[in-house]
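Biologist: Hi! Could you walk me through this one?
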Amino acid sequence: MKFKKSEKFTESSGSMNSVVQWFVEGYNGSALMIKVKEILFEKKGLQHIQIFETESFGKMLVLDGKIQLTERDEVMYHEMLVHVPLFMIDGPSKILVIGGGDGGSVREILKHEPDEVIMVEIDREVVEACQMHIGIDGGALKDNRVTVLFEDGIEFVRTSKEKFDVIIVDGTDPNPVSKNLIAEEFYRYCSKIANLFATQSQSPFVQDQYFIELIQNAQRGFNFYSVYINYVPTYPLGLWSYLLASNSELNPNYDEIKRRWEERNIETKHYNPELHMASFALPQWLKRRLGEI
Ligand code: SAM
């Protein structure tokens with residue numbers, strides 16, 4: 001790609017070029033550039049929160065220099081994070097979400113008509129900024145089945161006396177506050193209060209070390225796990241992974257998933273039962289990498 005003189009940029013993580021408004025997220029010698037029309041919100045607190053209006057991806061949330069969502073492709077991320085675990089079981093009724101301050105995960109969970117959703121988010125300012133400037137939750141965080149608590153997810157699961165059908169972790173890309181969400185104890189606490197667990201597990205291609213550490217620690221907390229993958233264009237180089245873990249065997253069964261999909265009759269833009277099954281088919285290099293653990 002050629003850049004006009006005024007569009008030259010230097011690679012750095014989460015920087016704004018001052019001549020032409022490009023947001024640049026760099027990863028190990030490569031980068032994604034998104035053209036920005038306007039900065040809607042910026043605040044440095046527990047995390048550095050930025051919300052942009054972009055030229056072709058709609059509104060975009062960035063935390064500590066890393067893209068968390070864009071309006072255009074967030075469904076690809078949220079639908080696969082939520083519907084894969086929830087279609088694995090009959091009647092999911094009590095769900096815990098850790099992180100997920102933008103509300104996209106809770107929005108998808110409510111489509112399954114649960115009785116109760118608890119969302120534990122460490123950073124109140126992310127929730128407030130997203131409610132004010134993005135609103136992808138579509139009112140889900142104000143639903144009367146939903147409780148939003150502000151505390152560190154690891155503390156909540158360490159002290160929780162409640163049990164959940166499913167725990168879904170929608171945490172920030174690696175940063176100081178999300179570190180606890182890949183700690184060995186975190187998975188141990190989660191496995192005591194839920195039999196089914198799902199988390200986003202970053203890019204196994206770009207963030208190999210983080211991905212492997214997450215899988216190793218999850219293995220110490222749960223007896224069984226499966227990795228599944230998906231495409232999210234604005235995440236590092238597009239390939240994204242998720243981890244499903246449980247203390248019972250995980251065998252996605254197409255007929256059962258299709259039956260639940262038909263019974264629940266939910267509307268999606270990205271997820272469907274065929275994609276559910278296909279997302280567990282891993283390329284040879286990734287199978288090999290997991291085999292080395
Ligand atoms: N979809 C995103 C991604 O993978 O890039 C994640 C977006 S969501 C906004 C991530 C949320 O996790 C943030 O709002 C952040 O504050 C929250 N979070 C990070 N660490 C946390 C922790 N230890 N406990 C609870 N919430 C946490």
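This is a predicted model: local features need pLDDT of at least 70, side-chain atom pairs count only at pLDDT 80 or more; totals for chains, interfaces and linings use all residues.

Biologist: Great! Which residues come nearest to the ligand?
Modeller: Of the 28 residues around the ligand, the nearest are Gln-47, Tyr-77, Glu-121, Asp-173 and Tyr-235.

Biologist: Which polar side-chain atoms lie by an oxygen atom of the ligand?
Modeller: Gln-68 has one 3.2 Å from a ligand oxygen, and Thr-172 has one 3.4 Å from a ligand oxygen. The protein buries 100% of the 590 Å² that the ligand exposes when taken alone.

Biologist: What about the backbone of Asp-170?
Modeller: There, a backbone N or O atom lies 3.4 Å from an oxygen atom of the ligand.

Biologist: New topic: which domains does the shell draw on?
Modeller: Domain 1 (7-69) and domain 2 (74-291) each give at least three residues.

Biologist: And which strands supply at least two residues each?
Modeller: Those strands are β5 (59-63), β6 (66-70), β7 (94-99) and β8 (116-121).

Biologist: Last one: what is the space taken by the ligand?
Modeller: That space is the largest cavity.

Notes
Residues are numbered from 1 along each chain as its sequence is written. Side-chain values use heavy atoms; hydrogens and water are left out. A residue is near a molecule or strand if one of its heavy atoms lies within 4 Å of it. A polar contact is a pair of N or O atoms within 3.5 Å; within protein, one must be able to donate a hydrogen and the other to accept it, and residues adjacent in sequence count only if both atoms are side-chain atoms. Accessible areas come from the Shrake-Rupley method with a 1.4 Å probe; for residues, only the protein chains shown count as cover. On a 1 Å grid over the protein atoms alone, a cavity is a set of points where a 1.4 Å probe fits but cannot get out, and a pocket is an open set with protein on both sides within 12 Å along at least five of seven lines; lining residues have an atom within 4 Å of a point. A molecule sits in a cavity or pocket if more than half of its atoms lie within 2 Å of its grid points. Helices (H or I, at least four residues) and strands (E, at least two) are DSSP runs, numbered from the N terminus. Domain bounds come from an automatic or database domain assignment.
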